[in-house]
Structure formats: structure tokens, C-alpha cells
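Subject: Structure handover

Hello,

Here is the structure I said I would pass on. My notes on it follow below.

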Amino acid sequence: MNAVTDTSPSEGPEHSAPAPLDLERAYRESQVGQVLDSLERDLVGLAPVKRRIRDIAALLLIDKLRGTLGLSAGAPALHMSFTGNPGTGKTTVAMRMAEILHRLGYVRKGHLVAVTRDDLVGQYIGHTAPKTREVLKRAMGGVLFIDEAYYLYRPENERDYGQEAIEILLQVMENQREDLVVIFAGYKQRMDTFFHSNPGLSSRVAHHIDFPDYSSDELLAIAHLMLEQLHYRLSADADAALRAYIELRRDQPHFANARSIRNALDRARLRQASRLFERRGAPITREDLETIETADIRASRVFAEEGAHEH
Amino acid sequence: MRITQGTFSFLPELTDAQIRKQLEYSLANGWAVSIEYTDDPHPRNTYWEMFGMPMFDIRDAAGIMGEIASCRKIFPRHYIKVNAFDATRGRESLRLSFLVNRPPQEPGFALVREEGPGRAVRYTTRAYACERPEGERY
């Protein structure tokens with residue numbers, strides 16, 4: 001009490017003002033930095049996505065800090081839509097997002113429940129509501145990830161039960177924001193049509209994040225990352241072969257970015273195994289076991305078709 | 001007469017916040033929670049009606065609280081209890097079971113005497129509520 005009366009009037013306001021908030025400490029305590037760093041490290045490319053997620057994390061952290069001062073802006077709308085071509089990392093990022101939201105205290109458990117239309121929509125009248133509720137119940141406290149969400153809405157069939165699932169979803173998204181975050185995912189164009197025909201849904205989705213396709217260099221970097229995790233490596237020639245493979249594969253139908261690369265590597269591993277098995281008389285070194293050779297990649301169907309075109 | 005069955009039954013009624021805490025505790029232990037209801041208050045009435053399936057793959061109490069709310073809405077004057085089942089090998093039984101809803105009026109039990117052979121008298125209890133058919137008791 002004495003200390004206050006002793007201070008000069010100019011210092012008065014400083015005393016009545018609360019101590020400056022420590023943003024750095026809040027950031028460190030939430031440990032959200034670790035998730036963001038691992039996002040940066042483990043995911044190749046996706047610069048716009050990473051930037052958006054950083055923005056969202058910053059917003060949530062500031063919101064939380066404001067909350068401690070009573071400057072509450074209500075529970076923020078956290079429902080998101082991830083659009084992009086297949087294999088661009090939507091599910092992976094959704095998993096990280098769940099972790100970020102959990103660390104910041106916006107979802108209580110931080111698990112991800114990934115579903116598609118089949119898990120939500122029933123097959124006969126009265127089947128849809130319990131099914132959707134069951135999924136929602138499972139996702140409470142975490143993140144509900146609806147893959148290929150546009151299949152929920154089938155405008156060509158007015159008696160389709162998808163609409164019922166959407167309505168239940170909407171209700172929960174609005175009334176139980178603190179219990180559940182919903183992420184819709186799918187191809188950009190079809191998602192746009194989906195949101196366009198369901199304005200109620202669109203207005204409740206706060207963040208639209210678009211996932212760009214990977215460049216060839218990024219795909220190669222992803223391939224290296226995958227092989228590293230599997231304790232394989234490419235010989236120098238095989239590296240060039242893989243680069244050529246990626247260039248060719250890109251232009252073929254059903255190209256699914258990182259997923260295609262994963263499948264290609266799986267097949268290369270298969271060929272490597274049978275190549276080693278063929279020469280089983282000879283001694284095999286550790287190096288043999290962990291190296292994928294050019295032949296393992298060159299044997300791919302993609303190259304064969306390329307050859308066929310030339311002839 | 002206030003029925004006392006299950007855990008916490010000698011305490012005042014649990015609030016929703018307290019029920020949620022118990023559910024969080026059960027889920028943290030990996031127990032599956034289920035909801036049951038009945039309108040037969042007899043203590044030997046062990047098999048109550050199930051309200052939906054036992055919830056085996058739930059991570060957060062919010063979903064169960066929603067189920068309890070809808071059960072209360074449908075059966076506002078029934079007894080409703082929440083069970084937590086431990087599926088651990090060798091245990092495979094309920095670890096926790098408590099009432100979350102009861103009728104506003106509980107008339108209690110009558111003592112029934114039955115004269116046996118000779119001077120023997122057998123005693124039993126019968127709930128006043130059970131004089132009416134199921135569904136109209138409270």
C-alpha cells in the first residue's frame with residue numbers, strides 16, 4: 001500500500017496496468033512450436049499451407065492470451081476445408097492440425113477420426129442419423145476429418161440420405177464448437193461446388209486451405225525422405241532414374257503426387273528383393289540390402305510405355 | 001424413500017460437471033461406458049434396459065454426456081445409470097456404476113409377509129411403484 005502512495009503520479013498508470021503478457025512464454029508452454037517445427041521438417045514443399053497453419057496457430061495463441069485478460073471473442077470457428085489433388089498431404093496435415101489444436105487447448109483429446117461418406121450416410125430411412133451421431137460421438141474432443149466430403153451431397157438424387165448427415169453435422173458444428181473441429185477435404189473444384197450448394201456449411205467453415213501440387217524436385221525430396229525412413233538409399237544412377245520416372249509419371253493419368261511416389265518405391269523395393277533373391281548363391285552385403293539400383297526403377301511400367309510410344 | 005444403488009449413492013445427486021469428471025476418469029482407464037435405464041427399483045433387478053450400445057471407442061466424455069442427455073429426455077422419470085466396463089483379461093466386469101437420474105417421487109417398498117407351514121413367516125419386499133405396469137410406474 002505504501003509503495004503505491006510513494007510513487008510519483010507519472011508512474012501511477014504503470015502500476016494499475018497489469019504486467020505485460022509474456023507471449024514468448026505462452027508459446028513455449030503450449031509446445032506448439034515443436035509441432036510447427038516438425039511440420040516444417042517432415043513435410044516437403046507446401047509453403048502456402050505451412051504459412052496458413054502458422055497464421056492459424058498464431059491467431060489461436062493470441063486469442064488465448066486475450067482470453068486471460070477477459071477480452072474473449074467467443075469460441076473461434078475452427079472448422080476447416082482442405083482442398084487439393086490426391087496425395088498432396090491433406091490427411092497428414094490434418095493430423096498435425098489436430099495436435100496443434102490440442103496443444104493450444106482448443107480440442108481436449110487431439111485425436112483424428114477420418115471418415116468418408118460410407119461412415120456417415122446410412123442405407124435406408126432412419127439409418128443415417130444414428131450412424132452420423134455415432135461417428136460424431138467418437139470424434140468428440142478431437143478432429144473429425146471428412147475425406148471426399150462432396151460425396152455427402154448428391155444433387156441428382158433428391159431422396160439421397162447425405163443431406164440428412166449434413167444437417168446433423170451442421171447442428172453439431174454450430175452448437176458444440178468446443179467439443180469438435182470438423183475438417184472437410186477433397187478435390188478443389190468439387191469442394192467448391194459442394195460448398196456452393198450448401199451455403200450453411202460454407203459459412204461455418206472458417207479456414208479454406210488449398211494444397212498445391214508438388215513440383216518434381218519436391219517429389220524427389222519426398223522420395224528421399226520416405227526411403228530414409230525405411231532405411232534404404234538410392235544409388236547415384238537410380239537417383240537419376242527416379243527423377244526421370246517422376247517426370248514421366250506426372251503426365252500419366254491417375255497421378256496422385258506423394259502417394260504415387262510411395263507406390264513406386266514400394267514396387268522398386270519388391271524388384272530389389274527379387275533381384276537379390278535371384279543371385280542367392282553370391283554373398284550379400286549390407287550395402288546390397290539397403291541400395292536400390294537403377295534396374296529396380298527402370299523396370300517400371302512407366303518406362304516401358306514410354307519406349308512403346310517411341311516405336 | 002430414496003433408492004441407493006451403485007457407487008456414490010449415499011452422496012447428494014452428482015451434478016453434470018461431476019458426472020463428466022467420473023466419465024473422464026473411466027475413459028482415462030480405458031473402460032467402456034454404457035447407459036442403462038429401468039423403472040423397476042427392486043435391488044435384485046440386475047438387468048436393466050440398455051440405452052444404445054456400450055461405447056467402446058470413445059475418447060472424450062462429451063459424446064457420453066450427449067447420450068445421457070438424450071436418455072434423460074426420453075425417460076425423464078426412470079432410473080438411469082452409467083456403467084464403466086473394464087475389458088482387461090481376467091477382470092472383464094464393471095468397475096464403476098452409478099445413478100445419473102431418478103424419478104421425482106420414490107414411494108418406496110412394502111413389507112410383505114407370507115405365512116408358511118406351521119408358524120413360519122417369510123418376508124419379502126415389493127416396490128409400490130411396481131403395482132402399476134411397466135412404463136406407467138413413475
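This is a predicted model: local features need pLDDT of at least 70, side-chain atom pairs count only at pLDDT 80 or more; totals for chains, interfaces and linings use all residues.

I start with one helix of chain A.

Helix α4 (residues 32-42) and helix α5 (residues 47-68) of chain A pack at an angle of about 175 degrees, and their axes are 11 Å apart. An angle over 145 degrees counts as roughly antiparallel, and therefore α4(A) is roughly antiparallel to α5(A). From α4(A), the residues A:Val32, A:Leu36, A:Leu39 and A:Glu40 take part, and they meet A:Lys50, A:Ile53, A:Arg54, A:Ala57 and A:Leu61 of α5(A). Sorted by type, the residues of this contact are six nonpolar, no polar and three charged.

Next, the sheet. Chain A has an open sheet of five strands in the order β2-β3-β4-β1-β5, with parallel pairing. Why do β2 and β5 each have one side without a neighbour in the sheet? β2 (112-115) and β5 (207-211) of chain A stand at the edges and each has a single partner strand, so one side of each is left without a neighbour there. Neighbouring strands of the sheet are turned by 20 degrees against each other on average, with direction ignored. As background, strands of a sheet pair through backbone hydrogen bonds, either parallel or antiparallel.

Strand β4(A) has a partner on each side in the order given above. Strand β3 (residues 143-147) of chain A runs parallel to strand β4 (residues 181-186) of chain A, and five bridges join them. Within this pair, A:Phe184 of β4(A) is the bridge partner of A:Ile146, and A:Phe145 stands opposite A:Ile183. Strand β1 (residues 80-84) of chain A also runs parallel to β4(A), joined to it by four bridges. There, A:Thr83 stands opposite A:Gly186 in β4(A).

Is β4(A) buried or exposed? Six of its six residues are buried, so β4(A) is largely enclosed by the rest of the structure. In a regular strand the side chains alternate between the two faces of the sheet. Both faces of β4(A) are covered: one side has A:Val181, A:Ile183 and A:Ala185, the other has A:Val182, A:Phe184 and A:Gly186, and all of these are buried.

One single residue is also worth a note. A:Gly162 lies in helix α9 (residues 162-175) of chain A. A:Gly162 has 19 other C-beta atoms within 10 Å, so this residue is partly exposed; a buried residue would need 20 or more. Leaving aside neighbours within four places in sequence, A:Gly162 is in contact with A:Arg117, A:Val121, A:Leu152, A:Tyr153 and A:Arg154. The C-alpha atoms of A:Gly162 and A:His111 are separated by 25 Å, and these two residues are 51 residues apart along the chain.

Last, the two chains. Ten residues of chain A are in contact with eight residues of chain B. On the chain B side, the residues that touch chain A divide into three nonpolar, two polar and three charged.

Regards

Methods. Residues are numbered from 1 along each chain as its sequence is written. Chains are lettered from A and ligands numbered from 1 in the order in which they are written. Two residues are in contact if their C-beta atoms, placed from the backbone, lie within 7 Å. Ala, Val, Leu, Ile, Met, Phe, Trp, Tyr, Cys and Pro count as nonpolar, Asp, Glu, Lys and Arg as charged, and the others, Gly among them, as polar. Two strands pair if DSSP finds at least two bridges between them. Helices (H or I, at least four residues) and strands (E, at least two) are DSSP runs, numbered from the N terminus. Axes are lines fitted to C-alpha atoms, for helices over the stretch in contact, and angles run from 0 to 180 degrees between N-to-C directions. Angles under 35 degrees count as roughly parallel, over 145 as roughly antiparallel, 65 to 115 as roughly perpendicular and the rest as oblique. A residue is buried if 20 or more other C-beta atoms lie within 10 Å of its own, exposed if 12 or fewer, and partly exposed in between; C-beta atoms are placed from the backbone.
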